[in-house]
Amino acid sequence: MAHSHDHDDSQPGLTRRHALECMVWAGTGVLWGMRAGVPVSLGMLGEAATARAAGTGFTFMQISDSHIGFDKAANPHAIDTLKEAVGHIAQLPQKPAFMLHTGDITHLSKAEQFDNATQLIGQAGLQVHYVPGEHDIVDDANGKAYLDRFGQNTKGTGWYSFDQEGVHFIGLVNVANLKAGGLGYLGPEQLAWLEDDLKPIKDSNPIVVFAHIPLWSVYPEWGWGTDDAAQALALLKRFGSVTVLNGHIHQLMQKVEGNITFHTARSTAFPQPAPGTAPSPGPMKVDDDKLRGLLGIASITYEQGVNPLAMTNTSLAEFK
Amino acid sequence: MRYALLALCLLGGVVHADDVTVKIENFTFNPANVTIKSGDKVTWVNGDDIPHSVVEKNGAFKSKPLDTNDQFSMVFKDAGTVDYFCGFHAHMTGKIVVAP
């Protein structure tokens, strides 16, 4: 079942009929809403476009972990799979409002890797809002290469916020100034900025937070969490709708905690194993015909009055 | 092995008998704890399919990103304890104890 990666089969809400419906829809992408932790299919990608056309919302894309420069066995052609992902986005019948890239744009922060990545991603024809992954700030100057390209209108190591049609977006950096033995790290300066940034925002205003490493404790044994995320999440408690989008773990995962819905995205470069299922979180080599089913992009739709935001994850295998 | 080491010593005169290699594999430094004598050299070799690095806890030194099979060496002269971690994956830690 080529489509199975979009669903967590362990989710109690997923019936056989549901799965069959998804199979019918394979190739167009299925919109998923998360209600009380259970994915609920809302319809086909076209419905998101309808919402946008009616002026009641908008759709944006998330890509992550393109790792341009990676050429190991798990995917010797990371540039080609990014190309496929961007090509799909460029051909969507309704143009998304913009794109988020949740980090690890490059593999080793090299100038030509940034150049190749931005040149390719630019072919989607969308404005792109980036946050860095740990692979994007390993140049000799500790992140200058990233900030020179993407740091305009950002603070500190590259954090910022912006508003789109009534939704407040916050890009955080949790890959800089890491501490020995620790996980992802936001730091006091960024947390103070976040507090200030949120001050004028009304409780009813939908919030989308995006950062590279998960802001929830996915699997600390593999470094999949952020040490001081709890302080950021405490600042977000008063809002009715908070969506957190992360990358880093190269696989889909969702969680609902009170008012906050967490999602992690697939990579466009290579898959990583499920927590604890391998000796390490390193790149996972799968059979060639399985690879594209484990890589992908996400489309997120905000519709006014509908809560939470609807998430569509589409694997590269479904593009054909 | 002993003969190979001896041969290297004779040929180059650069391989210290107590030089130590720390292999980076499966997102761990192996061995994670190493005791050396002042003047010994430690070489880290990355055996993973993902880059790692070696960063002293307080930033006293750091390697460049080590891609697969890349290596980084340091000679430690000052006695004491050196704690380090991976700059990509901070949960990976190791320790060098330098005896006088």
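What percentage of the 320 residues of chain A count as buried? The share is 50%, where a buried residue has 20 or more other C-beta atoms, placed from the backbone, within 10 Å of its own, an exposed one has 12 or fewer, and a partly exposed one lies in between. The model is predicted: local features need pLDDT of at least 70, side-chain atom pairs count only at pLDDT 80 or more, and totals for chains, interfaces and linings use all residues. Residues are numbered from 1 along each chain as its sequence is written, while chains are lettered from A and ligands numbered from 1 in the order in which they are written.

**View 1. Contacts between chain A and chain B.** In this predicted model, 18 residues of chain A are in contact with 18 residues of chain B; contact requires C-beta atoms, placed from the backbone, within 7 Å. The side of chain A that touches chain B comprises 10 nonpolar, 5 polar and 3 charged residues. Here Ala, Val, Leu, Ile, Met, Phe, Trp, Tyr, Cys and Pro count as nonpolar, Asp, Glu, Lys and Arg as charged, and the others, Gly among them, as polar.

**View 2. Helix 3 of chain A.** Chain A contains 8 helices and 13 strands, taken as DSSP runs numbered from the N terminus (helices: H or I, at least four residues; strands: E, at least two). Helix 3 (residues 78–90) of chain A has 13 residues. Buried in this helix are Ala78(A), Ile79(A), Thr81(A), Leu82(A), Ala85(A), Val86(A) and Ile89(A). They lie on the same side of helix 3 of chain A because they cover an arc of only 165° around the axis, taken from the directions from the helix axis to the C-beta atoms. On the other side, Asp80(A) and Ala90(A) are exposed. The buried residues pack against strand 3 (57–63), strand 4 (99–101), helix 4 (111–122) and strand 12 (296–303) of chain A.

**View 3. Met99(A) in strand 4 of chain A.** Met99(A) lies in strand 4 of chain A and is buried, with 21 other C-beta atoms within 10 Å. Beyond its neighbours within four places in sequence, Met99(A) is in contact with residues including Phe60(A), Ile89(A) and Leu126(A).

**View 4. The open sheet of chain A.** In chain A, 6 strands form an open sheet of mixed pairing in the order 6-7-8-9-11-10; strands pair if DSSP finds at least two bridges between them. Strand 6 (160–164) and strand 10 (253–257) of chain A are the edge strands. Strand 10 of chain A pairs with strand 11 (residues 260–264) of chain A in the antiparallel sense over 5 bridges. His263(A), in strand 11 of chain A, is the bridge partner of Gln254(A).

Note on methods
Contact = placed C-beta atoms within 7 Å. Expected span 1.5 Å × (residues − 1).
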